[in-house]
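Dear colleague,

I am handing over the structure we spoke about, and I would be glad if you could look through it alongside the notes below.

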Amino acid sequence: MIEISNKNSGKMILVLKKILKSDLLVLFFILLCPVLINGQAAPDFSLLTDKAFQKLYQNPEECISYSQSLLISDKNVEHKVILRNIISQAYTLQGNYVQSVSISNQKEENDEKGSLSHFIQLFDDYNLADQYQNLGLYGQSKNIIADILKDPQLLKSNKAKERMVLAKLFQLQAINAGITRNYEATLANLDKSDSYLNINNEENRIIKWENVIFRSTFLMRKNRLEEAKKLLDDVIEDIEKHNNNAFITAFAYESLSRYFFLKQDYNTAIKNLEKGFSEIRDLPYNDLKIIFYELFARNYLALHNDEKYYYYNNLYTDQKAKLDASRKEGIQYVVKLMETYHDKNIEFEKQNKLKQFRIVILVILILIAGSIAYFYNELAKDKDLKKQIGFFEKLKMKDEPIPVQMQMVQPKEEEIKESRNQEKDPSRISKEKEEEILQKLKDWEKSDNYLNKNMSLAILSAQTGINTKYLSEVINTNKGKNFNGYINELRINHIARLLKTDPAYLNYKVSYLAEYSGFSSHGAFTNVFKSLTGMSPNVFIQEIIKNKES
């Protein structure tokens, strides 16, 4: 009996051990199962955003739909900031600037600057700089980026996400420098951007391609044409190895067409435009399409194909009117953001409906006075000859557009009176502020923004960050003319330089030159041109042709 009990006890112990071992395995599986399930159900957010960024260059509508689905399902506040930026960029590529600014600046209830990580605060600042640049507010964009890049620790960052943002910031800064024709700074910033692109993902590849295309564009502006073409040939070959990159492909061929236009091979330029445009013909890349329309028109004009010139020029004019209206609304919205970013800039806070009405009346009165002055100037025929001689001398002295330096030199007695008047009237602008505004205007004159047909005192105020009242006062006092006269002289100087340096423009009709330089009509352009140069545009062109032949 004792032996039987011992055997039974041994069996019982073995059974209990097996049961215990089995339970431990079951318990371990139960604990491990949620980890495995979560790992499969929650893909890396960086992979999702990389896919969204790739769709941005394939089809902006698909990008918006895909990113919005992620935005709805993702509860992470910082993820929402990144997704909103991608959606905002998609709207920008469509030319919908109002919606772009709106979606980019939506905030959650707990989406406050102080509660966000350092990376998201950096990304948010980059987003604001990008918005300003899209709206043509290059000065504000440049200032924000310069403030960000002052941090030496940030520039040494080894964090992948921060380095990607730094690459984008230097790319933006390169474009800002290019706007003011500082091409050396442009190329240097593109080099810096490339140095931060060491991440193996689609976003990294696309930014690298963009940098190559931008570099080739600015090399062409430095007349390094063959070097630019080599870059474009290589990057197009690389892009076409990776299918379905419609925007980048179109962008590359558009840049290549510029090379052939500069070589005066207009037929080849058109072939490259057709290749690029075929990529985006059925896609809503309206911001890029307008560039294609303009380049098609310029090439067909050079080939004297009036039918196709008018066709593409009409497409360009219609699309530009829509985009300008959208950009203008976006600027009005973003002005409020500028007030917040610059500690509620008092120059924007003081503007109200009453002041706007007074400015309109003042501009009308100045225009009337300017028209009268122009009429009397036309009567003085002897002055025309002096204008012609002086204007040609300026063109010979400088290759760059002739800055408007018409500051009136006052006698010492008048300077004393001016000083006394300022003491009596403390509301007048100070000398230091006046010099600061003049420097901002000088920097702004390096861009081509004055060619915008819708350029107004309010838009100039937004682009320079200067109060409209101060702008009007400084322009009238220091430039010796009203706002319209100031802008028109910049336009005429610009088009005169192109006529002198680029033979292709000598073949263009005056109506195209008028539209290109931002004038509302052929007649307005001719009148202003003659008042500044002492001759009509046609006579001016003939003089240049004679000088080249002699």
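This is a predicted model: local features need pLDDT of at least 70, side-chain atom pairs count only at pLDDT 80 or more; totals for chains, interfaces and linings use all residues.

I begin with the helix pairs, since two packed helices are described by the angle between their axes and the distance between the axes. Helix H9 (160-179) packs with helix H11 (residues 202-221) at an angle of about 20 degrees, their axes being 11 Å apart, and the two are therefore roughly parallel to each other, because angles under 35 degrees count as roughly parallel. The crossing of H9 and H11 is left-handed, and the contact draws on Met-164, Lys-168, Gln-171, Ala-174, Ile-175 and Gly-178 from H9, which meet Glu-203, Asn-204, Ile-207, Glu-210, Asn-211, Phe-214, Phe-218 and Arg-221 from H11.

Helix H12 (residues 225-241) and helix H13 (residues 246-262) have axes that come within 10 Å and cross at roughly 155 degrees, which makes H12 roughly antiparallel to H13. Their crossing, too, is left-handed, and the residues making the contact include Leu-225, Leu-232, Ile-236 and Ile-239 of H12, together with Ile-248, Ala-252, Leu-256, Tyr-259 and Phe-260 of H13.

Turning to the backbone, two residues may deserve a look. Arg-181, which lies in the loop between H9 and helix H10 (183-195), has a positive phi of about 65 degrees although it is not a glycine. His-304, placed in the loop between helix H15 (286-302) and helix H16 (306-341), likewise is not a glycine and has a positive phi, in this case of about 60 degrees.

Finally, the surface carries a nonpolar patch of about 640 Å², to which Phe-357, Val-360, Ile-361, Ile-364, Leu-365, Ile-368 and Ile-372 contribute. One of these patch residues, Leu-365, is found in helix H18, which covers residues 353-379.

How values were computed. Residues are numbered from 1 along each chain as its sequence is written. Side-chain values use heavy atoms; hydrogens and water are left out. Patches are made of residues with over 30% relative accessible area and no salt bridge: like charges are joined within 9 Å, nonpolar side chains (Val, Leu, Ile, Met, Phe, Trp, Tyr) within 5 Å. Accessible areas come from the Shrake-Rupley method with a 1.4 Å probe; for residues, only the protein chains shown count as cover. A salt bridge is a side-chain nitrogen of Lys or Arg within 4 Å of a carboxyl oxygen of Asp or Glu. Helices (H or I, at least four residues) and strands (E, at least two) are DSSP runs, numbered from the N terminus. Axes are lines fitted to C-alpha atoms, for helices over the stretch in contact, and angles run from 0 to 180 degrees between N-to-C directions. Angles under 35 degrees count as roughly parallel, over 145 as roughly antiparallel, 65 to 115 as roughly perpendicular and the rest as oblique. A crossing is left-handed if the near helix is turned anticlockwise from the far one by less than a right angle, and right-handed if clockwise. Contact means heavy atoms within 4.5 Å.
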